[in-house]
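Biologist: Hi! Could you walk me through this one, starting wherever you like?

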Amino acid sequence: MEKDNAIFKIITNETRESTEPMEIVTPTIYASVFSKFADKHDLSLENEEEISHNILKDECSFLTELQTKTSENANRLSKNTKKAINAIKDKNDTLLNEVLHETEALRLEVEKLRESVYKDELTHVYNRKWLHDNCMQTDKESFNQEGVLAMIDLNYFKLINDTYGHVIGDKVLIFIANRLKSINKNVIRYGGDEFIILFPKNSSIEHTRELLDRTRESVLSKKLKAHEEMFTLSFSFGVASFKSGNKLAKVLEDADKSMYNDKINIKKRITGI
């Protein structure tokens, strides 16, 4: 039961990220997307009614918690603002100092809340919402900056899940996310076992490839253990540059094309075929 709950949270998070760019999401659309991710994780749900019930329960819990924290912070900010105005009018340094400390504590609380909204629940790297809110123009489809995008896809991840179970699969995702974060903080979990890294302006495609290749070699050299068995992990990657105004979909397509040959070569190396 605990395992199913963990998988359910992952699927819910993936569904939320997948539907976030949509302007309108009906319960039927949400259930359909959720069902697709459930099938990918081999989670059996008896019927559509059960899917809808679990979705609404989980989403309502998340939204209620978010709304409650936001409301609490808004009330605290309102009170602090009034106190600050009164302190300034009365030239009360003690009260101003009190407001300063309270506002700093509120700033930290808001920052934590902001991080929770933008972080992937499992791996704690950024999620799609962070990408769309911070790196895209107001249309949420075009970049507002320039740089280099790298797409990373784990090799044989489904086989790892099928062989060792989803708990090991989750640990693999956390492991690879941490390795990617060690080379660049702007790591996004874009899908189940797909990650994106955004490298800043003036980054070159050649240097980015060299960096990812070294990281992959380091990952390949590690022996991971699951149920007394040892296995190795690898990933494939593709790289594409982008400028302000470029469509995200087109940049992802270019990176995916770049990854195609890399995936063939690395799989030949792993399997010897």
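**Charged pairs and a sheet**

Modeller: Let's begin with Lys-250, a partly exposed residue whose relative accessible area is 43%. Partly exposed lies between buried (under 20% relative accessible area) and exposed (over 50%), using a 1.4 Å probe and protein chains only. The model is a predicted one, where local features need pLDDT of at least 70 and side-chain atom pairs pLDDT 80 or more, while totals for chains, interfaces and linings use all residues. Residues are numbered from 1 along each chain as its sequence is written, and side-chain values use heavy atoms, leaving out hydrogens and water.

Biologist: Thanks! Which side chain does Lys-250 meet in a salt bridge?

Modeller: Asp-254, with N and O 2.9 Å apart. A salt bridge here is a side-chain nitrogen of Lys or Arg within 4 Å of a carboxyl oxygen of Asp or Glu. Asp-254 is partly exposed because its relative accessibility is 26%.

Biologist: Nice. And how many salt bridges are there?

Modeller: Twelve by that rule. One of them pairs Asp-120 with Arg-189, with the closest N and O atoms 3.3 Å apart. That pair links distant parts of the chain, 69 residues apart: Asp-120 is in the loop between α4 (93-118) and α5 (128-135), and Arg-189 is in strand β2 (residues 187-189).

Biologist: Are those two buried or exposed?

Modeller: Both Asp-120 and Arg-189 are buried.

Biologist: OK, what about Asp-162, which residue is its salt-bridge partner?

Modeller: Lys-158, at 2.8 Å between the closest N and O atoms. They are four residues apart in helix α6 (residues 157-164), so about one helical turn separates them. Lys-158 counts as exposed because its relative accessibility is 54%, whereas Asp-162, at 46%, counts as partly exposed.

Biologist: Let's switch topic. How many helices and strands does the protein have?

Modeller: Nine helices and six strands. Both are DSSP runs numbered from the N terminus: H or I of at least four residues for helices, E of at least two for strands.

Biologist: And what is the strand order in the open sheet?

Modeller: β2-β3-β1-β6, four strands with antiparallel pairing. Strands count as paired if DSSP finds at least two bridges between them. β2 and β6 (235-242) are at the edges with a single partner strand each, so one side of each has no neighbour in the sheet. From one strand to the next, the twist averages 20 degrees.

Biologist: How many bridges join β1 to β3?

Modeller: Six, with β1 and β3 (residues 194-199) running antiparallel. Val-148, for instance, is opposite Phe-199 in β3.

Biologist: Back to α9: which strands does it lie across?

Modeller: β1, β3 and β6, and α9 runs at about 145 degrees to β6. Axes are lines fitted to C-alpha atoms, for helices over the stretch in contact, with angles from 0 to 180 degrees between N-to-C directions.

Biologist: Last one! What share of the residues is buried?

Modeller: Buried residues are 40% of the 273 in the protein. As for contacts (heavy atoms within 4.5 Å), residues 24 or more positions apart account for 65% of those with a separation of 6 or more.
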